[in-house]
Each structure stands twice: as structure tokens, then as C-alpha cells.
Amino acid sequence: MRIVRDVASVRAAVAGAGRVGLVPTMGAFHEGHLSLVRAARAACDLVVVWLFVNPTQFNEAADLAAYPRDEERDAALAAACGADVLFAPTVEEVYPAGHATTVTVAGIADVLEGAQRPGHFAGVATVVAKMFNMVGPDVAFFGAKDAQQVAVVRRMVADLDLPVEIEVLPTVREPDGLAMSSRNVRLGPDDRRRATALHRGLSAARDAVAAGLRDPVAVAAVVERTLAGEGLTAEYIAVVDPGSFAPVASVDLPALVALAVRVGPVRLIDNMVVTP
Ligand code: AMP
């Protein structure tokens, strides 16, 4: 696996390759990231892993400062999963002096995570558009854990006619259900235990909908009660259309239950499709 740091080198590395797969990441790899690399390896001739802690998508300086980084470990894991190229650019390479263009996606990027984290999705959309232009992949791999990010990227790809396919892989979880996240390492033992309430609450909502519950307020209340059992309060619990992220009036079709919860020092997100 080659490690490259600039646009010219990554373009040279992909020139003439067959089907190019891109896995966008911010590093601190866990099985969620590695599942994307393996899927890319299985589907593509050349696999590029993008490793960049993108400062413009952090709306809290403390979160950016505390974000875990270990490029050496990440490079070894990416190589072991079959990546061909690790593209780890500097902040100056991605945002050279004078950089002045931002991609904003209206509507879908303004609700839930977008409302709680102003500027977050503009940072995501801009860096994803830039990496697509830098690398020129045929297909890019994303995780369902960041469901709203997927919806924003899909909207941007359609609206800007970007020639990239988007593949979405299921959320990889710890044995107790907690969605794997680079931020989980910052949970103390008690918070780590309490954090299982996110998945327990979502699972209870899924079971309630399968058993006939249709009112989205009641579905959210099922999750809320599970969180309350651990002394947790959600920033939001939303029952939305999985494509548009518009709230649903009644769960008559598969819907997405998405939530964000602060557990101790860490803000966690998770989601689950609920099917009537
Ligand atoms: P991040 O490094 O957190 O920006 O994540 C990079 C990619 O990995 C994104 O597409 C995420 O949705 C995906 N990802 C993060 N956590 C998981 C997980 N637990 N399961 C599957 N994909 C994940």
C-alpha cells in the first residue's frame, strides 16, 4: 500500500486503473471503517482510503482537538484489509490559502444533525465534493451509521451530476449493540455501559413498530424511556423518511429512527430502520 499526501500523487496512483473505489474516513479505524475497506476491495480494482480529520466539519474546537489520531496504526489496518493507496493529505493541501468555496445542501442538511451542529454538513459536503474531484472514484463507500450524511451526499451527487456511485454498508456494532465509533474510546467505564441504551432504545422502537405501533411520537417515547432508564436525555429522537429525512406522520412504510445523545463527554449518534 502506498501512502500519498498530495493531489498530483493520488491522481498518478489511480491513472489507468480499472474500477476505483474510495473509502472516505477521518481515521482512528475500527471494524466499521474496515468493513468499508473490505467491501471496496471485493468490488474494485483499486482501493483508495482517504484519511483526513476535516476541520471544517467540526463545530466544536474541543471535539476536533480530542479527535483520536494514529496514522501508523490506521495505515497498517488499511493495508491488511487490502487498500492500495492511503491518501492522507495535510490541511494545507485540502484547504490552501485563499480557499473560498463551500458546498451547501439545502433542506436535508438543515435538520437533526444539521440543526444541532451548524456548518457540519457544509463541511462534509465540501470535503466530499473535493475528494471526489481529487481522486475521481467510480464508487465511494459510506456507513449507514451516519445515515443523514449518506442522504446529504446522495443529494449532492444527484444535484451536481457527480459521476460517482454511492454504496452504503450496514452499521457495525460491538457485541452489546453499541455502534462502533472513533469517539467511543473517550467513554469511561460507566458511560460505556450507559451508552448501550441507544441501541436498546432503538431496538425497542423497532419491536414496538413491528408489533403495530404507528404514531411517531409514541415510537420516539419508547426510545426516550429506555434512555431515561440510564439517566440519559436525547438531543433529538426523530422518526423520518430514510431518503428525504422528512418527519413521517405515521409509520406505514419503513422509517428511520435517528437520535443523538450526550453520554458523559461524548456525543453519540445512532439510527435504525423500523418496519411496520
Ligand atoms: P468517520 O471516520 O467517522 O468519518 O467514518 C468514516 C466512514 O465510516 C463513514 O462512512 C461512516 O459512516 C463509516 N462508519 C463509522 N462508524 C461505522 C460503523 N460503526 N459501522 C459502519 N460504518 C461506520
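Is arginine 262 buried, partly exposed or exposed? With a relative accessible area of 36%, arginine 262 is partly exposed (buried means under 20% relative accessible area, exposed over 50%, and partly exposed in between, with a 1.4 Å probe and protein chains only). This residue sits in strand 8, residues 255-263 (strands are DSSP runs of E of at least two residues, helices are runs of H or I of at least four, and both are numbered from the N terminus). Its C-alpha atom is separated by 37 Å from that of aspartate 138, which is 124 residues apart from arginine 262 along the chain.

The model described here is predicted, with local features needing pLDDT of at least 70 and side-chain atom pairs counting only at pLDDT 80 or more, while totals for chains, interfaces and linings use all residues. Residues are numbered from 1 along each chain as its sequence is written, and side-chain values use heavy atoms, with hydrogens and water left out.

We can turn next to the nonpolar interior. In soluble globular proteins, nonpolar side chains tend to be buried together. A nonpolar core is taken here as a set of buried Ala, Val, Leu, Ile, Met, Phe, Trp, Tyr and Cys residues joined through side-chain atoms within 4.5 Å. The largest such core holds 50 residues, and Val48, Trp50, Phe87, Val128, Phe132 and Val135 touch the most other members. Helix 7 (residues 120-135) provides the largest share of this core, ten residues. At least three core residues come from each of domain 1 (2-169) and domain 2 (182-270), the domain bounds being those of an automatic or database domain assignment.

Aromatic rings also come together in this structure. Four aromatic pairs are found in a search of the whole structure (rings of Phe, Tyr and Trp, the last by its six-membered ring, pair if their centres lie within 6.5 Å; planes under 30 degrees apart count as stacked, over 60 as edge-to-face and the rest as tilted). For tryptophan 50 and phenylalanine 87, the ring centres are 5.3 Å apart and the planes are at 80 degrees, so this pair is edge-to-face. The pair links distant parts of the chain, with tryptophan 50 in strand 3 (residues 46-51) and phenylalanine 87 in strand 4 (residues 85-87), 37 residues apart. Tryptophan 50 and phenylalanine 87 are both buried. Phenylalanine 58 and tyrosine 67 also form an edge-to-face pair, because their ring centres are 5.5 Å apart and their planes are at 80 degrees. Both phenylalanine 58 and tyrosine 67 are buried. Through ring pairs, Trp50, Phe52, Phe87 and Tyr95 are linked into a cluster.

Where does the second largest pocket lie? Domain 1 (2-169) and domain 2 (182-270) both contribute residues to its lining, so the pocket lies between them. On a 1 Å grid over the protein atoms alone, a pocket is an open set of points where a 1.4 Å probe fits, with protein on both sides within 12 Å along at least five of seven lines, and lining residues have an atom within 4 Å of a point. The volume of this pocket is about 310 Å³, a volume being the space filled by probe spheres set on the points, which are joined across faces, edges and corners. Its lining has 18 residues, of which Ala147, Val150, Val168, Pro242 and Phe245 lie nearest the centre. Helix 8 (147-159) and strand 9 (266-274) each supply at least two lining residues, and helix 8 gives the most, with five. The lining divides into eleven nonpolar, four polar and three charged residues (Ala, Val, Leu, Ile, Met, Phe, Trp, Tyr, Cys and Pro count as nonpolar, Asp, Glu, Lys and Arg as charged, and the others, Gly among them, as polar).

Most residues other than glycine have a negative phi. Leucine 112, in the loop between helix 5 and helix 6 (113-116), has a positive phi near 45 degrees, and this leucine is buried at 15% relative accessibility. Aspartate 161 also has a positive phi, near 55 degrees. This aspartate is found in the loop between helix 8 and strand 6 (165-169) and, at 66% relative accessibility, counts as exposed.
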